[in-house]
Amino acid sequence: MKNHIDERRVISVIVMNESSVLSRITSLFAARGYNIESLTVAPIPNSDMSHITIATKGSSRLMEQVTKQLHKLIPVYKVIEHEEMVEKEMVLAKFPIAENLADISVLSAAYNGGVVNVGEEMIIVMVADEPKRIKHFIEASQRYNPCEVVRGGVVAIER
Amino acid sequence: MGQMSGAQMICEALIAEGVTTVFGYPGGAIMHVYDEIYKQNGFEHILNRHEQAAVHAADGYARATGEVGVAMVTSGPGFTNAVTGIATAYTDSTPMVVISGQVPRSLIGTDGFQEIDAVGISRPCTKHNFLVHSLKELPRVLKEAFYIARSGRPGPVLVDIPKDITVDIGEFNYPDSVDIPTYKPTYKGNKRQIEKAVEAIKSAKKPLLYLGGGIVLSNASELVREFANKTQIPAVETLMARGVMGADNPLLLGMLGMHGNYASNMAMSETDLVISLGARFDDRVTGKLSEFAKYADIIHVDIDAANIGKLVDVDYPIVGDVTEVLKAMLPQLNGVDTARYKSWRDVLNHYNELHPQSYIDSDEVIKPQWAIERIGELVGKDAIITSDVGQHQMWAAQHYPFDRPRQWINSGGLGTMGFGFPAAIGAKRACPDKIVINITGDGSILMNMQELVTASEYKIPVINVILNNHFLGMVRQWQTFFYEKRYSETDLSFQPNFKALAQSCGGIGYDVSTKEEFDEALKDAIKQDRVCFMNVQTNRFEDVLPMVPSGGALFNMMLPETTKGDE
């Protein structure tokens, strides 16, 4: 069998806004043992459709099968297997106020972000960047003892 | 149409869809609908004695006619009993609508009495399913359910309806048409691909038609015969395609696969061009994939794009309805050189002479293969044959002279024991003028034997020929071959009195142990207007052969020598 190398893939699925549509998609992955790395959903403005972005791993043969199976679902309008895309992910991170705030602020600015909230005990920053760089940001932020990091999942758009 | 209750809307929608028979079983959550069924005259309702049987009956009805089968069940256990029937219909792509009751909306999610998540459970075994959220959407959902069930690659659609919606009163406007922007099945094949495929056919030396159940679903058998006749290309049929070519067609080699005949499996192993029409390269057909059609390019015509390239690499993929694709192909094959494939046909005919589909008959005992051939001789082209699952199913597929599509109804994909009897009831209701015979085994028949009561009550005279070897025969065969004859839990020596069982439910029973008795019983059963059990004692240790051991290459067949007399 050719094309059996597992690669990271990002697909966009355009679906009708229905109550059970997300579970149809995730159970399709689950039933076949395909892994979902990240998944985001949001309604498409001025339509009755939603845009789902799924990051997963698999061979091109597997991805072809996934794409076709997704297409078969009645509420699925379109499946886009991204090749040339702009891909972004957002992350929120919370640090103790006692840490070096200037450093944290510079760090998040370096990754397309900044401080979004400051409380009595905590400071919260938001950054939005490519998933690979998000990983770097999280690594770099470790020295400031983050108490909580929440990743938003990937969104992508074809160039 | 004016104001009416949800329950009335369901009945009106069924009538509008042309439904004449509904198979089902009432219960708490679906009672309002049954109350309306009581009041109407638009369709009849058959009360099967188990929800699984009701769905199989709707399935048999659908397969015999090509129409959408309809089953109705209540919530909770009513629905879960139906799941096996729905899954059976799903794997064999039967057009079907199943309507299930659900607890009232206010109780959903509270673990109410007889509440179960029907759309959750049925998601992997339906083409699509709906939980109806409001009375307003009910007519549209029903319309879409029928449309989805019968269009594209057909399949079962579940409509789960909370009880309070069936009581609510509202305006009924049944839509004339359906528009689902996300669902547009492809019927016409790509023109360019079809041209390329035709070129491949013209330049092949050893082409082979690989015919699947999609041809039956698409009602394309006549076109397939025309194609074969025009090109003189030999053909093999899958289990689901029996009857497509017709038993007497000289171009038909037979069935291929695990229990295919020698010539069919060798043809697939040696062909240089597979022309796959409505088949899906099931593992029971292909055997070891790396050895399957090793020397061939593959043309794959399928209405379901996901089937193409799923298991084998395809050289000429054509997404479309077999009927439409053949209509486009046939004119392009005018003047095709039929002599071109003659030496290939000669080779295959030689294979058939070398190892024909055969068995060694006996004068002492009824051989199951003899029984099936005898049914063929006595009722032949007219009858509809259903089957359960196991040895008898394979023997029926191998030995019955199937002459037309929709004559052979069996659970090929899911392999559901207990399918045959209720499916026969559905088929007989759909085709009352046809003789309907369920070829079954002493294991399978017990899995839906309560249908004796249904068949008796509604005077649906189906004939069950029980090929009784006092074994769960197919599993026994594997135990003989692969488990050193350890017959773990397959000995069915302890049996009911089948004759008395049939009689106790208002049917007729026959005990048969000689060929004369077999003829007498069958001829008598055909004349009766009651359901029959023919309990036919066969030899215990007959094997289904040829056999390709699971996972082996198609050309490595165990061929029949005769039975080995293990006793």
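# Exercises on a predicted two-chain model

Let's open with a spacing: in chain B, the C-alpha centres of domain 2 and domain 3 lie 31 Å apart. This is a predicted model, where local features need pLDDT of at least 70, side-chain atom pairs count only at pLDDT 80 or more, and totals for chains, interfaces and linings use all residues. Residues are numbered from 1 along each chain as its sequence is written, chains are lettered from A and ligands numbered from 1 in the order in which they are written, and side-chain values use heavy atoms, with hydrogens and water left out.

**Exercise 1.** Work out how the domains of chain B are laid out and how domain 2 meets domain 3.

*Solution.* 
- Step one, the bounds: domain 1 covers 3–171, domain 2 covers 191–354 and domain 3 covers 368–537. Such bounds come from an automatic or database domain assignment.
- Step two, the touching residues: 17 residues of domain 2 of chain B are in contact with 18 residues of domain 3. Contact here means heavy atoms within 4.5 Å.

**Exercise 2.** Is chain B compact or extended for its length?

*Solution.* 
- Start with the make-up: chain B has 21 helices and 20 strands. Helices (H or I, at least four residues) and strands (E, at least two) are DSSP runs, numbered from the N terminus.
- Next, the radius of gyration is 24 Å, close to the 24 Å from the globule rule for 567 residues, so chain B is as compact as a globular protein of that length. The radius is taken over C-alpha atoms, and the rule is 2.2 Å times the number of residues to the power 0.38.
- Then check burial: 59% of the 567 residues of chain B count as buried. The cut-offs on relative accessible area are under 20% for buried, over 50% for exposed and in between for partly exposed (1.4 Å probe, protein chains only).
- Finally, of the chain B contacts between residues at least 6 apart in sequence, 76% join residues at least 24 apart.

**Exercise 3.** Where does the largest nonpolar core lie, and which of its residues touch the most other members?

*Solution.* 
- First the term: a nonpolar core is a set of buried Ala, Val, Leu, Ile, Met, Phe, Trp, Tyr and Cys residues joined through side-chain atoms within 4.5 Å.
- The core has 42 residues, and the ones touching the most other members are B:Ile86, B:Phe421, B:Val462 and B:Phe533.
- Domain 1 and domain 3 of chain B both give residues to this core, so it lies between them.
- Zoom in on B:Phe421: beyond its neighbours within four places in sequence, its contacts include B:Ile445, B:Leu452, B:Val462 and B:Phe533.

**Exercise 4.** Describe the surroundings of B:Thr74.

*Solution.* 
- B:Thr74 sits in the loop between strand 4 and helix 4 of chain B.
- With a relative accessible area of 4%, B:Thr74 is buried.
- Among the residues in contact with B:Thr74, leaving aside neighbours within four places in sequence, are B:Tyr25, B:Ala29, B:Phe79 and B:Ser100.
- A polar atom of the B:Thr74 side chain lies 3.2 Å from the backbone nitrogen of B:Ala29.

**Exercise 5.** Which backbone angles stand out at A:Asn145, B:Glu484 and B:Pro546?

*Solution.* 
- A:Asn145 has a positive phi of about 50° and is partly exposed at 46% relative accessible area.
- B:Glu484 has phi near 50°, and at 66% relative accessibility B:Glu484 is exposed.
- The bond joining B:Leu545 and B:Pro546 is cis, with omega about -5°.

Technical notes. Polar contact = N/O pair within 3.5 Å; in protein donor to acceptor, adjacent residues only side chain to side chain.
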